[in-house]
Amino acid sequence: MSLFYVPDIAERWELSEEEAAHALRVLRLSQGSGLEITDGCGTLYKAVVSSVVGKHCHVEAKEVLAMPKGWRGNICIAVAPTKNMDRIEWLAEKATEIGIDEFVFLNCRYSERKVIKTERVERIVVSAMKQSLKYRKPAVSEMVDFKRFVTTERPGAKFIAHCYDEEKLLLKDAIVPGEDVTVLIGPEGDFSPEEVKMAMEAGYRPVSLGNSRLRTETAGLVACHTFNLKNEI
């Protein structure tokens, strides 16, 4: 059964215009058809189509369920977006399928992209959430300056994954199950030495993602997957 995303479903009991078009034109749902809806906040509504008026699809909830997230703690990946947005969109899609709570886009010294439009990323995240049958939509934050982000208080453990030669824990050994985690992933040219120092002074611990040299989007996905392996319920 298809999963639909309607963040305000409990207030209006009607599919959004986009979701209604998919339900009526693509899936050919009609009055009495069953469907599942999530508000993106962990609630699943098992419902039926109560009426169809033109392009409007009204629904009636038959069962309301609080769905478990599937992993303990919260994971935030703060990443410097690549010049080719397809790669970051791929990261957003795959990380959502695996399980992530928040994306933040960083403007770093060596960033290849200084401006980002999040509307398309939001759509990709919603599609991946529905496809992977998750009931919580990851938050997608606008571009933020690196210094501003690292000097803002964050809950839980904070890590920075960089490529400079120094003693670093493996991320898999640094994560404590159940603890919130923020991981900084730099641009293709890495963080600047000044940024690494700034992050460490703000409480971020340097970590390694393994022996391989990873591209930005791969590093983000590895960090996300490592967190989930340690926190899977």
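This is a predicted model: local features need pLDDT of at least 70, side-chain atom pairs count only at pLDDT 80 or more; totals for chains, interfaces and linings use all residues.

Residues are numbered from 1 along each chain as its sequence is written, and side-chain values use heavy atoms, with hydrogens and water left out.

First, the cores: sets of buried Ala, Val, Leu, Ile, Met, Phe, Trp, Tyr and Cys residues joined through side-chain atoms within 4.5 Å. Buried is under 20% relative accessible area, exposed is over 50%, and partly exposed is in between, with a 1.4 Å probe and protein chains only. The largest nonpolar core has 31 residues, and I75, I77, F159, V181, V183 and I185 touch the most other members. Elements giving it two or more residues include strand 5 (75-79), strand 8 (157-161) and strand 10 (181-185); helices (H or I, at least four residues) and strands (E, at least two) are DSSP runs, numbered from the N terminus. Another core, of 16 residues, lies apart, and C76 and F191 are among its members.

Now helix 2, residues 17-26, where E19, A20, A23 and L24 are buried. These fall within an arc of 115° seen down the axis, so they line one face; the arc is that of the directions from the helix axis to the C-beta atoms. E17, E18, R25 and V26 are exposed on the other side.

In helix 7, residues 193-201, the buried residues are E195, V196 and A199. Their arc is 100°, so they too line one face of the helix. K197 and E201 are exposed on the face turned away.
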